[in-house]
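Colleague: I should like to learn how to read a pocket and a confidence score. Please take me through them.

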Amino acid sequence: MDFQKLINEILNEIKIDKSYRKIIFSNTKNAEFEKIIIKPIQLKNGEAIQIESFKNNKAFHKNIDIKDNDILLTIIDKYVSTYSQILVQKLGLDLTYLKKKNKNDFSKKENKNNFKEVNLEHNKKKKYILNEGEKIDFLIELDVMTEDGKVLKANYNKFRQINKYLEFIDDSIKEMKEKKLIENKIKILDFGCGKSYLTFALYYYLQKYRDDLSFSIVGLDLKKDVIEFCNKTAKKLGYENLEFLNGNIKDYENVEEVDLVFSLHACNNATDYSLEKALSLNAKAILAVPCCHHEFFDKILKNKNSEIFNNLKIMTENGVVLDKFATLATDSFRSLALELCGYKTKMLEFIDVEHTPKNILIRAIKSNNINYDEKLEEYNKLKKFLGIEPMLEELIKKYFKKIN
């Protein structure tokens, strides 16, 4: 196949047949970009192609109107002349073009693939567990949604946060069932539940989507008026097996064991107390979204002889930077400590609308597959580097599976 015929064939795929899903230009020595990928997309103002260019492990994107014939022809002409390998991926079929030695001719090879139909909308609406348009009773009651199922603009971030939380819950329950940590029932504690948007969301999710599980939920908070409001709302909605109690995390003694503990926005060491309580209750899974980290920052500043001061002067001399670092170090330390207690942990991004735009969520689920020697070494190295003795260690060291 000659040069011009290949250009026409690719343009035909893009403008007329529109059966392609991806065109990849690769294998070059002298081009600015190592690889180019062309994809069809649907923008608000019509059909377009997206050009994704790769250079030094970075991707650069540009969208071009499919009706702009001159620009399209110029681009395809340039790519065909520059790259030695071109792969056109269509539904069920790969077309591979390889440049021959004379530089103006290409061989063509066909192979079947498993490419499936995809949604081409570039700004397609995200699918949530809870969807706008559904009349969701607790969201209406808490003024997140109108009576006809429309999410109020002022509370859309709250709506997104609730859905993100339910995604974490859904993933955690699936993993707990796969590991046989739970069977057909689950007991959940929410420490620091506040106005309980997420607690009510959890109830709604379990009631509507998890008919394989019976459940009970307890929300705990220090604010008496908030607890009264939550119990009144639960009663009004007819939510059974949901109870809200006024009290401190450290003093909670109403159960001997739980399956899942959730702690949202427990400030500073209140998160550590919630982790200790979760461990004492033999929780199968723990989800914690800490905030207001102060302990590590204060303790790091007090030990100027630590390795962090000797090695990261640029960070320790800048209070704002050190504060951010201390926040990340705190949650990293918590994750390592929980691993030493027999949990597999992940730190995930969580949408927040009350304190900072995004927080870290620590997800910990019991596991039998942990290298305690390796984790203990990592834990001790981090503690030595920071030059501190964290309060969390005092609280939960008795639960460590491996101790010095």
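Colleague: How many residues of the lining of the largest pocket are nonpolar, polar and charged?

Modeller: Rolling a probe the size of a water molecule over the atoms shows where empty space is left. In this predicted model, the lining divides into 14 nonpolar, nine polar and seven charged residues. Here Ala, Val, Leu, Ile, Met, Phe, Trp, Tyr, Cys and Pro count as nonpolar, Asp, Glu, Lys and Arg as charged, and the others, Gly among them, as polar.

Colleague: Which element gives the most to the lining of the largest pocket?

Modeller: β11 does, with five residues. Strands are DSSP runs of E, at least two residues long, numbered from the N terminus.

Colleague: What is the mean pLDDT of the protein?

Modeller: Where pLDDT is low, the predicted coordinates should not be read in detail. pLDDT is the predictor's confidence in each residue, from 0 to 100. The mean is 87, and 94% of the residues reach 70 or more. Over residues 353–357, however, the pLDDT is below 50.

Colleague: Is D259 buried or exposed?

Modeller: D259 is buried, with a relative accessible area of 13%; buried means under 20% and exposed over 50%, with a 1.4 Å probe and protein chains only. D259 lies in the loop between β10 (242–246) and β11 (260–267).

Modeller: Residues are numbered from 1 along each chain as its sequence is written. Local features need pLDDT of at least 70, side-chain atom pairs count only at pLDDT 80 or more, and totals for chains, interfaces and linings use all residues, while side-chain values use heavy atoms, with hydrogens and water left out.

Note on methods
Helices (H or I, at least four residues) and strands (E, at least two) are DSSP runs, numbered from the N terminus. Contact means heavy atoms within 4.5 Å.
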